[in-house]
Amino acid sequence: MDASDRPNVTEWPGRGRGAKIAVMAQLSESVSLDTTDSSVAVLTVDNPPVNALSWHVRQGIFDGLNQALADGASAIVLICAGRTFIAGADISEFGGTAPKAASLADMQEVMENSPIPVVAAIHGTALGGGLEVALCAHYRVGLASSKYGLPEVNIGLLPGAGGTQRLPRLIGVPKALEAMTSGRHLPASEAAADGLIDEVVEGDWEALRAAAVSFAERAVAESLPLVKVRDRDDQVTDVDPQIFADFRAKIARKTRGFLAPEYNIRCIEAAASLPFDEGIKVEATLFMELMTGPQSAAQRYAFFAERQANKIPDIAKDTPTVDVQKAGVLGAGTMGGGIAMNFANAGIPVTVVERDDASLERGLGVVRKNYERSASRGSIPAEAVEQRMGLITGSTDKNDFADCDIVIEAVFEDMELKKSIFTELDQICKPGAIMASNTSALDVNEIASVTSRPESVIGMHFFSPANVMKLLENVRGDASSDTVVASAMAIGKQIGKVGVMVGVCNGFVGNRMLFMRGAEADRMLMEGATPAQIDNVLFEFGFPMGPFSMSDLAGLDIGWKAEKSTSSTVRELMCESGRRGQKNGMGYYRYDPETRAATPDPEVEEMIRQFAIDRGHEQREVTDQEIMERLLYPMINEGAKILDEGIAIRGSDIDVVWVNGYGWPIYRGGPMHWADSVGLAEIAAKIADYGERLGGRHWDRSPLLERLAAEGGSLAGHQNG
Ligand code: 3HC
Ligand code: NAI
């Protein structure tokens with residue numbers, strides 16, 4: 001249901017027409033009570049955009065329940081207007097000072113203990129506190145399209161309104177463990193099969209409302225029991241403790257460093273071992289611990305940062321966008337294949353053009369293998385392999401792009417090649433089509449300059465593997481039109497990416513900062529730090545891997561040519577000695593051929609040491625603290641320069657790039673948020689010290705960083721425009 005379908009609650013009193021009780025009351029700015037159609041009172045929440053449980057919603061439901069009881073209603077239906085049922089607590093109220101109102105617990109208590117049936121009518125998503133409210137109703141009916149989840153874990157929390165105790169009582173411990181540690185949204189069919197909802201309703205919102213009212217009438221007529229989930233103990237009795245141990249082991253790798261998944265598990269353990277009220281106390285204690293800790297603060301910040309990144313100050317919200325009926329991708333290599341998959345996954349036909357049949361066959365073969373692997377793991381249905389492959393058409397003729405609404409170029413990173421390609425695309429693409437480049441560092445303006453329509457050109461920088469990584473760094477050229485800018489963001493959303501709009505510079509936001517980290521990592525290698533030591537510092541910080549593991553994964557020989565190699569860098573030395581990285585089991589590390597487990601290679605360490613000594617570098621112990629500072633502080637410095645130059649719109653956009661594209665641990669918010677938490681003055685001072693000792697452009701202090709450090713300002717909160 002879109003916004004235009006939302007019932008205008010203020011018009012409802014006019015529908016009184018001799019109904020049984022004919023009462024319509026606006027209880028708070030967002031909740032109304034309607035008993036015009038039958039003796040069933042209908043409480044409607046209308047708090048756009050997602051009916052979050054803001055203070056006036058809690059108070060309104062609390063008052064509405066009490067009023068319906070006082071008015072002598074026979075039953076109560078709780079429903080929401082707009083696009084969704086309650087999507088959770090109002091996250092923007094956390095840590096703030098919202099006006100005092102009924103607490104969630106007070107409101108839930110009235111609902112659960114109501115002497116007349118309460119039925120929750122659910123459309124859209126019932127999430128977090130929203131589902132926790134619905135779990136206090138005696139019955140739940142939901143549209144076939146509705147979804148259910150406790151996603152608090154994704155903002156570093158656990159369900160704090162009884163959900164940790166009620167959900168396992170309804171759907172059982174194993175299922176609750178999975179749902180609460182993943183935050184997954186269960187579709188209505190699954191929710192019904194698990195006993196989470198009592199009836200699935202086909203049709204629209206009106207059908208849902210009618211079905212909920214008649215369910216309530218039936219509950220009255222047939223004296224159905226007033227089911228309190230809290231009293232249902234069958235699913236939480238005699239639970240084998242081994243379930244918890246096994247589950248912890250299963251998710252350990254994925255949840256490394258995060259507190260919230262473990263705390264969610266502890267609450268479910270409490271549900272399985274303590275009476276309900278004792279379990280609630282455990283939930284409350286652990287919830288408060290998470291809520292007041294730095295991880296959840298960072299994850300809540302990241303939630304809003306991601307949504308903020310969608311807003312581009314000088315682009316009006318209603319800017320028309322290109323409707324992509326058909327996409328084109330040039331090049332079916334590492335990136336092109338993955339980019340094409342994104343469109344096919346979203347149901348959009350895509351034409352992939354390669355330079356010759358052999359390259360095309362190889363590229364599409366990789367795409368097919370990826371789909372087959374996903375199907376064999378169960379992450380897509382078996383029939384999806386052919387469906388999605390059927391949306392991808394291979395060709396070796398660029399003229400096949402003529403009817404595409406967008407063409408994304410993903411050929412080799414070579415300016416001359418890209419220019420010649422865009423000259424051709426200019427002749428082929430239809431008017432209004434978007435011509436995008438996936439370049440990872442080149443000047444988008446220079447690429448656009450060879451076309452007769454630079455306004456249609458934009459950078460759309462995907463990350464490898466492009467079908468998996470969430471980030472889409474869109475690069476706005478000087479001439480990119482508003483429509484093209486708005487479309488790049490909209491298309492990103494359509495294909496499931498997290499989009500960030502940035503400006504043109506070498507490496508844009510992400511890679512430009514990465515270059516600084518890489519420069520300092522190489523330098524420390526020369527001073528005596530080992531690849532494993534450097535990687536380990538980042539791993540412990542929360543990154544999935546460090547720079548040397550990453551190089552091994554990508555392949556050490558990218559861009560390396562034996563005939564041109566002169567033993568002048570460590571990387572050249574590695575390639576000359578036959579080390580290609582993970583693909584041949586030898587790189588900065590040695591890889592077990594079976595398990596791919598990495599172990600440090602003493603030969604490589606000696607090779608690096610000798611190389612450094614030969615070039616006059618004195619060897620010493622480099623501490624982990626120094627490694628951390630020298631890897632991360634130049635990135636922060638560069639991020640501040642990027643902000644100052646207007647390449648990023650806001651500090652939080654930089655964080656969205658690093659969290660979604662480079663594995664920065666979300667529980668540390670991103671480099672800008674983290675810098676604020678460490679203290680800008682401290683970081684600025686350290687940068688000055690290192691700069692003096694080591695020299696190098698990346699240690700030249702950013703004037704913005706200096707200013708914010710002096711003023712006590714914030715990098716994450718800094719916004720241009
Ligand atoms: N509180 C406050 N604002 C919220 C919100 C919430 N829980 N959920 C969404 N919003 C806001 C967003 O910031 C955004 O605002 P904007 O338009 O100004 O940028 C707007 O609502 C729309 O959100 P999306 O762009 O995300 O809209 P989608 O349609 O893509 O997704 C959604 C809708 C699936 C509901 C998604 O917003 C979502 O996942 N929300 C968070 C759900 C959640 O985490 N709930 C648990 C909250 S914590 C809790 O309940 C604690 C309890 O246990 C006590
Ligand atoms: P790749 O070498 O894997 O693939 C390039 C493909 O382009 C090859 O299959 C090649 O046959 C094809 N090609 C070359 N010239 C062509 C032409 N004239 N017509 C049609 N096809 C042609 O390279 P990769 O890694 O996919 O990179 C592509 C682009 O994406 C580059 O600009 C790169 O900088 C960028 N990029 C790469 C990332 C990565 O991690 N590999 C990440 C983000 C961007």
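**Figure 1. Arg 596 in the loop between β19 and β20 (598-600).** In this predicted model, Arg 596 counts as exposed, at 58% relative accessibility. Phi of Arg 596 is near 65°, a positive value in a residue other than glycine. Most residues other than glycine have a negative phi.

Figure 2. Pro 48 and Pro 49 are joined by a cis peptide bond, with omega of about 5°. Asn 51 has a relative accessible area of 2% and is buried.

**Figure 3. The cis peptide bond from Ser 464 to Pro 465.** Omega for this bond is near -5°. Pro 465 belongs to the loop between β16 (457-462) and β17 (471-476). In general, most peptide bonds are trans.

**Figure 4. Asp 90, a buried residue that has no salt bridge.** Asp 90 is placed in the loop between β4 (75-80) and α2 (104-112). The nearest side chain of opposite charge is that of Arg 58, 7.2 Å away. The side chain of Asp 90 instead makes a polar contact with the side chain of Ser 92, at 2.5 Å. Not counting residues up to four places away in sequence, Asp 90 touches Ala 52, Leu 53 and Ser 54.

**Figure 5. Glu 520 and its salt bridges to Arg 523 and Arg 630.** Side chains of opposite charge can pair when their charged atoms come close. The N to O distance is 3.2 Å between Arg 523 and Glu 520. These two residues are three apart in helix α18 (residues 510-527), which means that about one helical turn separates them. Arg 523 is partly exposed, with a relative accessible area of 24%, whereas Glu 520 is buried at 0% relative accessibility. The salt bridge between Glu 520 and Arg 630 has an N to O distance of 2.8 Å. Glu 520 lies in α18 and Arg 630 in helix α23 (residues 624-644), so the pair ties together parts that are 110 residues apart in sequence. Both Glu 520 and Arg 630 are buried.

**Figure 6. The salt bridge between Lys 583 and Asp 557.** The closest N and O atoms of the pair are 2.8 Å apart. Lys 583 is in the loop between α21 (570-576) and β19 (589-591), and Asp 557 is in the loop between α20 (547-554) and α21, so the contact ties together parts that are 26 residues apart in sequence. Lys 583 is exposed, with a relative accessible area of 56%. Asp 557 counts as partly exposed, at 22% relative accessibility. Elsewhere, salt bridges that share partners join Glu 520, Arg 523, Glu 527, Arg 620, Glu 626, Arg 630 and Arg 693 into one network. The count for the model comes to 46 salt bridges.

**Figure 7. Helix α11 (residues 294-308) and the helices around its buried residues.** At 1.5 Å a residue, the 15 residues of α11 should span 21 Å, and the end C-alpha atoms are 21 Å apart, which agrees. Among the buried residues of α11 are Gln 295, Arg 300 and Tyr 301. The buried residues of this helix pack against α9 (260-273), α10 (276-291), α24 (651-661) and α25 (671-678).

**Figure 8. Arg 650 in the loop between α23 and α24.** Arg 650 counts as buried, at 3% relative accessibility. A polar atom of its side chain lies 3.1 Å from the backbone oxygen of Gln 308. Beyond residues up to four places away in sequence, Arg 650 touches several others, including Gln 308, Pro 313, Leu 643 and His 718.

**Figure 9. Ala 344 in helix α12 (residues 334-345).** Ala 344 is buried, with 2% relative accessibility. The C-alpha atoms of Ala 344 and Ile 392 are separated by 6.7 Å, although the two residues are 48 apart along the chain. Leaving aside neighbours within four places in sequence, Ala 344 is in contact with Val 350, Tyr 371, Arg 388, Leu 391 and Ile 392.

Conventions: Residues numbered from 1 in each chain as written. Chains lettered and ligands numbered in written order. Predicted model: local features only at pLDDT ≥ 70, side-chain atom pairs only at ≥ 80, totals over all residues. Heavy atoms only, no water. Helix = DSSP H or I, 4+ residues; strand = E, 2+ residues; numbered from the N terminus. Expected span 1.5 Å × (residues − 1). Buried < 20%, exposed > 50% of the residue type's maximum accessible area, 1.4 Å probe, protein only. Contact = heavy atoms within 4.5 Å. Lys, Arg positive; Asp, Glu negative; His and termini not counted. Salt bridge = Lys/Arg side-chain N within 4 Å of Asp/Glu carboxyl O. Polar contact = N/O pair within 3.5 Å; in protein donor to acceptor, adjacent residues only side chain to side chain.
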